[in-house]
Amino acid sequence: MADEEVQEEVPDNAATRALFNGFDKDGSGYLEPGEAVAALTQMGNKVTFSDLDTDGDNRISFEEFEVHDARARRHNRCTS
Ligand SMILES: [Ca+2]
């Protein structure tokens, strides 16, 4: 039987983390270019891989993804 885990306060970025993990098919913690295609498509192709890959290492870290996602959320709030 699993120990009951203490539920810490859910961080604000939990939804972003879940989204990121959904795209990170191999669980590497990064979105490789092939995985990022699905993410970019879902974002409506308004951004390119290089828009997200701000440090140019050819993969999207959660931090890079989160920055963009936060920006997209702000944008959605403004336009809805
Ligand atoms: Ca990167």
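Gly29 counts as exposed because it has 11 C-beta neighbours inside 10 Å; a residue is exposed if 12 or fewer other C-beta atoms lie within 10 Å of its own, buried if 20 or more do, and partly exposed in between, with C-beta atoms placed from the backbone. The model is a predicted one: local features need pLDDT of at least 70, side-chain atom pairs count only at pLDDT 80 or more, and totals for chains, interfaces and linings use all residues. Residues are numbered from 1 along each chain as its sequence is written.

**Overall layout**

- The chain has four helices and two strands, where helices (H or I, at least four residues) and strands (E, at least two) are DSSP runs numbered from the N terminus.
- Along the sequence, these elements follow the pattern α-β-α-α-β-α.
- Of the 80 residues of the chain, 12% count as buried.
- Among contacts between residues at least 6 apart in sequence, 45% join residues at least 24 apart; two residues are in contact if their C-beta atoms, placed from the backbone, lie within 7 Å.

**Confidence**

- The mean pLDDT of the chain is 86, and 88% of its residues reach 70 or more; pLDDT is the predictor's confidence in each residue, from 0 to 100.
- Among the elements, strand 1 has the highest mean pLDDT (97) and helix 4 (residues 62–79) the lowest (80).
- Where pLDDT is low, the predicted coordinates should not be read in detail.

**The nonpolar core**

- The largest nonpolar core has eight residues: Phe20, Leu31, Ala36, Ala39, Leu40, Leu52, Ile60 and Phe65. Such a core is a set of buried Ala, Val, Leu, Ile, Met, Phe, Trp, Tyr and Cys residues joined through C-beta atoms within 7 Å.
- Helix 2 (residues 33–42) supplies the largest share of this core, three residues.

**Helix 2**

- Ala36, Ala39 and Leu40 are the buried residues of helix 2.
- Seen down the axis of helix 2, these buried residues fall within an arc of 100 degrees, so they line one face of the helix; the arc is that of the directions from the helix axis to the C-beta atoms.
- Gly34, Thr41 and Gln42 are exposed on the other side of helix 2.
- The cover over the buried residues of helix 2 includes helix 1, strand 1, helix 3 (49–52) and strand 2 (60–61).
- Just after helix 2, Gly44 takes a positive phi of about 85 degrees.

**Ile60**

- Ile60 is found in strand 2 and counts as buried because it has 27 C-beta neighbours inside 10 Å.
- Leaving aside neighbours within four places in sequence, Ile60 is in contact with Tyr30, Leu31, Ala36, Leu52, Asp53 and Phe65.
- The C-alpha atoms of Ile60 and Leu31 are separated by 4.8 Å, although these residues are 29 apart along the chain.

**Loop residues**

- Gly29 is found in the loop between helix 1 (14–23) and strand 1 (30–31).
- Beyond its neighbours within four places in sequence, Gly29 is in contact with Asp24 and Phe62.
- Gly29 and Arg59 are 30 residues apart along the chain, and their C-alpha atoms are separated by 9.8 Å.
- Asn58 is found in the loop between helix 3 and strand 2, and counts as exposed because it has 12 C-beta neighbours inside 10 Å.
- Phi of Asn58 is near 70 degrees, a positive value in a residue other than glycine. Most residues other than glycine have a negative phi.
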